[in-house]
Amino acid sequence: MQETTTAPENDAALSFKQNEKIVYENNKLHKRLCRQVGQAIGDFNMIEDGDKVMVCLSGGKDSYALLDILMTLRERAPIKFDIVAVNLDQKQPNFPDHILPAYLKQLDIPFHIENQDTYSIVKRLIPEGKTTCSLCSRLRRGILYRVADELGANKIALGHHRDDIMETFFLNMFFGAKIKGMPPKLQSDDGKHIVIRPLAYVKEADTERYAQVKNFPIIPCDLCGSQENLQRKQIKGMLREWEKKFPGRVDNIFSSLSTVVPSHLMDKDLFGFADLKATGEAMANGDIAFDEEPCSTGSTSIPGIIPLRADN
Ligand code: SF4
């Protein structure tokens with residue numbers, strides 16, 4: 001059988017082109033991450049002049065990406081803020097405690113490793129087979145607040161991204177019967193700090209790819225032996241499936257989180273239904289009382305009743 005071969009110079013030209021494309025895509029990814037993080041910081045006024053931001057590093061892809069992008073933005077920002085990276089070593093079995101200090105040293109930024117054996121506490125208090133995450137994260141939160149105090153940090157930055165926010169939204173709706181997501185900015189339980197989530201607009205797929213591009217020394221997240229929350233896994237699968245079948249649906253869900261119409265929900269504390277009276281004046285922004293049903297087929301509809309096709 002005759003073998004087909006390509007000239008070495010053709011191979012070289014091809015691989016040069018491929019490399020160029022990879023570099024281009026990687027730059028685009030970096031720019032997108034910087035833009036989205038910058039936008040979230042601006043939209044929610046997350047970081048202000050003179051802030052000291054404690055970036056919580058777990059050793060996972062998201063927190064590495066968060067630290068990396070915040071460092072880039074700090075270089076370019078018109079304001080001055082400090083960053084201190086913190087890792088809480090929870091003494092999980094086989095936790096490679098040399099990885100983060102080595103990584104942070106070469107970044108040449110202030111950092112602190114907090115050693116607290118929450119693993120043993122959780123193991124002691126939670127019966128075998130029960131989920132340990134809720135106690136574990138409560139303990140972790142308390143420790144991080146204290147460390148932020150000790151380090152003089154007024155902001156605590158966490159690496160939750162857009163997918164985390166949407167999954168939490170559906171978890172709360174499906175299992176907690178609440179319309180409640182994961183806020184991009186909130187006051188800590190002790191009232192002393194502001195917790196921020198600068199990756200709020202960033203897709204998980206992007207932090208995943210960025211971690212590969214930057215070759216972050218990822219520490220596996222299953223060292224505690226706890227399975228990833230099954231319900232969260234199911235929600236993740238549901239969203240992935242939706243996006244496959246109806247491209248753009250997940251984007252719409254995410255946008256809807258920042259476009260809330262309290263008068264069209266049923267929370268009596270959020271909207272004063274009881275005191276609602278006809279004023280005799282038309283609404284300035286048109287008829288929103290019976291608004292059109294959104295319809296994916298591009299048809300218009302009689303408000304809330306019969307969908308009308310555009311060709312009817
Ligand atoms: S997965 Fe493990 S380390 Fe993470 S919150 Fe749950 S128990 Fe804690």
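**Close-up views of a predicted model**

**View 1. The F170–F174 pair in helix α6.** F170 and F174 lie four residues apart in helix α6 (residues 162-176), and so about one helical turn separates them. In this predicted model, F170 is buried, at a relative accessible area of 7%, whereas F174 is partly exposed, at 42% relative accessibility. Their rings form a tilted aromatic pair, with 5.6 Å from centre to centre and 50° between the planes. F170 and F174 also belong to an aromatic cluster that includes F169, F175 and W242.

**View 2. The Y210–F216 pair.** The ring centres of Y210 and F216 are 5.9 Å apart, and the pair is edge-to-face because the planes stand at 65°, over the 60 degrees required. Y210 and F216 are both buried. The structure has eleven aromatic pairs in total.

**View 3. Packing of helices α4 and α5.** Helix α4 (residues 118-125) packs against helix α5 (residues 133-151) at an angle of about 145°, and the two axes are 10 Å apart. The crossing of these helices is right-handed. On α4 the contact involves T118, I121, V122 and L125, and on α5 it involves L135, C136, L139 and I143. Classified by residue type, the contact of α4 with α5 comprises seven nonpolar residues, one polar residue and no charged residues.

**View 4. Cysteines C56 and C136.** C136, one of the α5 contact residues, is buried, with a relative accessible area of 16%. C56 is likewise counted as buried, at 11% relative accessibility. The structure contains zero disulfides.

Key:
Residues numbered from 1 in each chain as written. Predicted model: local features only at pLDDT ≥ 70, side-chain atom pairs only at ≥ 80, totals over all residues. Heavy atoms only, no water. Axes fitted to C-alpha atoms, helices over the stretch in contact; angles between N-to-C directions. Helix = DSSP H or I, 4+ residues; strand = E, 2+ residues; numbered from the N terminus. Left-handed = near helix turned anticlockwise from the far one by under 90°. Contact = heavy atoms within 4.5 Å. Nonpolar A, V, L, I, M, F, W, Y, C, P; charged D, E, K, R; others polar. Disulfide = S-S within 2.5 Å. Buried < 20%, exposed > 50% of the residue type's maximum accessible area, 1.4 Å probe, protein only. Phe/Tyr/Trp six-rings, centres within 6.5 Å; stacked < 30°, edge-to-face > 60°.
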